[in-house]
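Look over the structure first, then read the points below.

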Amino acid sequence: MKESARQWAYQVLAAVEERQAYANLQLSHVLNKSNLARMDRAFVTELVLGVLRRQNALDFAINCFLDRPGKLPKEIRRLLRLGFYQVLFLDRVPDAVASNETVEQAKGLAKGKFVSLVNGVLRQLVRKREIPWPSWDKNPIDYLVVVESHPQWLVERWVKQYGLEKARAICEWNNKPATVTLRTNLLRRDRKRLLEDFAKEDVEANASPFSPQGITLKGSSAITALPGFLEGLFTVQDESSMVIAPIVAPQEGEIIVDACAAPGGKTTHLAELSNDKAIIHAWDIHPHKMGLIRQNCERLGVKSVKIKAIDAQKPPEELIGKVDRILVDAPCSGLGVLRRKPELRYRLTEKDIDSLRNLQSKILDGLAPLLKPGGTLVYSTCTIEPEENFQQVKDFLQRHQEFERDELMPYLPPLEFSEEEKRQIEKGFWQILPYRYHSDGFFVARLRRK
Ligand SMILES: C[S@@+](CC[C@H](N)C(=O)[O-])C[C@H]1O[C@@H](n2cnc3c(N)ncnc32)[C@H](O)[C@@H]1O
């Protein structure tokens with residue numbers, strides 16, 4: 001039987017929902033197995049990420065056409081989400097094709113019992129198209145929950161923390177497709193030359209303002225097929241993440257700890273910035289992630305990294321007082337990267353934020369004694385929750401009077417900071433909101449042992 005992009009998309013969505021799989025990992029797993037053409041692969045990706053980004057809106061629309069929405073079996077709802085997404089959000093798929101293909105798929109689900117319901121609901125949608133969406137002016141919270149598909153608790157949290165307009169900007173940004181950005185491997189190329197290599201191969205790419213190593217790609221490219229991938233001339237990294245290693249500012253000959261390192265994006269950056277001549281300890285609690293760090297180091301030709309499975313809450317005692325710089329790129333709720341991981345918003349709860357906050361403070365406490373006097377501690381997360389960020393740092397400084405905030409501005413890229421950002425940066429930390437620079441959301445603080 002000919003493989004269909006829609007069937008693969010359904011399968012990935014089922015794995016995300018039933019087995020709590022990560023959509024991006026499941027997509028690459030499934031696409032590697034399939035014999036789909038390039039365009040069809042892009043279509044599967046678009047369907048999966050699009051349906052996850054718009055899940056609440058799709059459910060709201062589907063429910064408008066059902067008498068008893070609660071009775072709809074899960075697999076039929078999943079299929080209808082796919083059908084509705086194509087009709088409501090994809091201009092290039094004709095309505096008739098979207099409906100017919102969805103009805104075809106319904107024949108293979110729930111013993112074909114819902115074919116006529118699926119058919120009826122989709123025909124009505126195509127005919128009527130009017131969905132009574134909540135209005136931004138009358139009920140902004142419902143609007144963000146339904147139209148922008150974010151859970152109520154999160155919307156309320158962001159509105160309280162950031163106000164309505166910013167919360168809306170964050171939610172809207174989370175539903176945009178993510179761009180691909182690369183970091184030039186300074187050990188092997190400079191950015192100008194890499195951009196020239198790309199231009200010769202007709203790969204559209206631009207220099208990023210975030211980092212002298214950063215490159216933004218136009219459109220979606222298969223990364224492993226880009227010129228220079230196998231030779232390790234670059235690595236994939238979001239622009240916000242590229243900001244962190246320069247803040248650590250590693251120097252040749254120093255002892256550096258990257259305490260939460262896997263898969264090694266920032267470890268290899270630290271190695272590049274120190275000309276591969278520092279001693280970089282790359283730790284992560286999960287032994288199975290060691291291979292990822294190793295692969296990245298090998299492909300990029302990095303030799304100065306010592307990889308070990310270590311719980312950063314209990315680091316080796318022999319390093320006490322010996323380390324020049326520590327990076328804690330902490331495990332966090334990841335709420336700054338929802339455009340890359342759209343399913344996360346439906347999985348996280350406020351309790352998760354509390355337990356992560358606990359873990360983060362234990363990791364910071366565990367690592368603090370390793371630093372030499374005058375040493376640098378950089379704490380970063382890819383979330384925008386104050387408890388995991390500003391408050392975490394404030395609490396740490398309360399508990400550890402031997403630490404103080406350090407100057408941050410000299411280490412930052414030359415962006416046009418808002419007044420609010422400048423005020424933060426003066427205090428030694430910076431919260432990047434995801435829509436602000438069209439990047440991932442990130443937080444970073446630079447501290448110094450007195
Ligand atoms: C945000 S990710 C790190 C990303 C990485 N720095 C990079 O740039 O590629 C956080 C990492 O912390 C690790 N982690 C969680 N708990 C830890 C602990 N107690 N000690 C060390 N690592 C931990 C997770 O396994 C995860 O790989």
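Two residues are in contact if their C-beta atoms, placed from the backbone, lie within 7 Å. Keep that cut-off in mind for the contact lists. The model is predicted.

**Around the ligand**
- The ligand is surrounded by 20 residues.
- The closest are Cys 260, Gly 265, Ile 285, Ala 312 and Asp 329.
- Two elements, α14 (265-273) and β6 (279-284), each give two or more residues to this shell.
- By class, the shell holds 10 nonpolar, 5 polar and 5 charged residues.

**What the record says**
- An unreviewed UniProt entry carries the annotation "binding site".
- That annotation covers ten positions in this region of the record, including Cys 260, Ala 261, Gly 265, Lys 266 and Asp 329.

**Ala 261**
- Ala 261 sits in the loop between β5 (255-258) and α14.
- Is Ala 261 buried or exposed? Ala 261 is buried, because 29 other C-beta atoms lie within 10 Å, and 20 or more are enough for that label.
- Leaving aside neighbours within four places in sequence, Ala 261 is in contact with Thr 267, Ala 282, Trp 283, Asp 284 and Ile 293.

**Gly 265**
- Gly 265 lies in helix α14.
- Gly 265 is buried too, because 22 other C-beta atoms lie within 10 Å.
- Which residues does Gly 265 contact, leaving aside its neighbours within four places in sequence? Gly 265 is in contact with Thr 235, Gln 237 and Ser 241.

How values were computed. Residues numbered from 1 in each chain as written. Predicted model: local features only at pLDDT ≥ 70, side-chain atom pairs only at ≥ 80, totals over all residues. Near = placed C-beta within 6 Å. Helix = DSSP H or I, 4+ residues; strand = E, 2+ residues; numbered from the N terminus. Nonpolar A, V, L, I, M, F, W, Y, C, P; charged D, E, K, R; others polar. UniProt positions renumbered as here; feature names shortened; annotations may be inferred. Buried ≥ 20, exposed ≤ 12 C-beta atoms within 10 Å, placed from the backbone.
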